[in-house]
Amino acid sequence: MAKIRDRAPKNSSGGYERVFGNEKLGNLISKVQGAVISSGTELEKIIKGKVRNIPKLDEFLKYEIMPDGVFLADRKQIKKSNSFIGSGIEPDFIIFKRRKGEQRCYVIEIKDGHAFDTKKAEKERENLHKFTSKNAPKIQYVFRAR
C-alpha cells in the first residue's frame, strides 16, 4: 500500500506552497498526491501478480483455441500489438478467459477509489466501447467492456 511517509515531495513549481502559504503544508499535499498516484500503480501490479501474464500478445492471439484459464495483457502490450487498433484509447488490461470451451475477452479500465469524476468516468466508458467495437470483429473471442 502506498504510504505518504514513503513519498518525497515533488513540488518543484511551488504551486502547493503558494496555495497554502506554507512550505511544510505544500510539501505534505505534494506527498499525498504522489501516494494517491502510486496506489493506482500498485493496484495494477497486484492484479498482474494474480493471473498469468501473456508474454507476447500477437502470438497468443494466433491461437484459434487458447488454453483453459485466465490470461492478462496490459496496456503496454496492447499498444505494441499489431492485432489491436487503439489510437490512444487502450484499456489498462485485456483479460482472456477460456472455460468449458467458451473463450471470452474482457476489456478493463482500473480505477482506484470510490468516488469518480463523472465526466471522466463517462469518457473512459466511451473509450472502452470504442476500443471494443473497433477490435471485436478481428479477434476470435466474445468481447465484454468492464
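This is a predicted model: local features need pLDDT of at least 70, side-chain atom pairs count only at pLDDT 80 or more; totals for chains, interfaces and linings use all residues.
Which residues form one aromatic cluster? They are F60, Y63, F71 and F96.

**Aromatic rings**

Four aromatic pairs are found in the structure. One of them joins F60 and Y63: the ring centres lie 6.2 Å apart and the planes meet at 90°, so this pair is edge-to-face. Two numbers are enough for such a description, because a pair of aromatic rings is described by the distance of the centres and the angle of the planes.

| Residue | Relative accessible area | Class |
|---|---|---|
| F60 | 6% | buried |
| Y63 | 46% | partly exposed |
| G15 | 18% | buried |

Buried means under 20% relative accessible area, so G15, with its 18%, counts as buried. You will find G15 in helix α1, which covers residues 15–20. Between G15 and S30 there are 15 residues of separation in sequence, and their C-alpha atoms are 9.3 Å apart in space.

**The nonpolar cores**

Now look at the inside. The largest nonpolar core is made of 18 residues, and the ones with the most contacts inside it are L57, F60, L61, F84, F96 and Y141. Two of these names, F60 and F96, also belong to the aromatic cluster. Elements giving two or more residues to this core are α3 (57–61), β2 (69–74), β3, β4 and α5 (118–135). Helix α3 gives the most, with three residues.

Which residues does L57 touch, leaving out those up to four places away in sequence? Its partners are A73, Q77, I78, S81, F84 and F96.

**A hairpin of two strands**

Strands β3 and β4 also make a hairpin together. How many bridges join β3 to β4? There are seven, and the two strands run antiparallel, with β3 covering residues 93–99. Across this pairing, K97 stands opposite R104 in β4. Two residues lie between the strands of the hairpin, and K100 takes a positive phi near 50°.

Is strand β4 mostly covered or mostly open? Of the seven residues in β4 (102–108), six are buried, so to speak leaving the strand mostly covered.

How values were computed
Residues are numbered from 1 along each chain as its sequence is written. Side-chain values use heavy atoms; hydrogens and water are left out. Buried means under 20% relative accessible area, exposed over 50%, partly exposed in between (1.4 Å probe, protein chains only). Helices (H or I, at least four residues) and strands (E, at least two) are DSSP runs, numbered from the N terminus. Two strands pair if DSSP finds at least two bridges between them. Rings of Phe, Tyr and Trp (its six-membered ring) pair if their centres lie within 6.5 Å; planes under 30 degrees apart count as stacked, over 60 as edge-to-face and the rest as tilted. A nonpolar core is a set of buried Ala, Val, Leu, Ile, Met, Phe, Trp, Tyr and Cys residues joined through side-chain atoms within 4.5 Å. Contact means heavy atoms within 4.5 Å.
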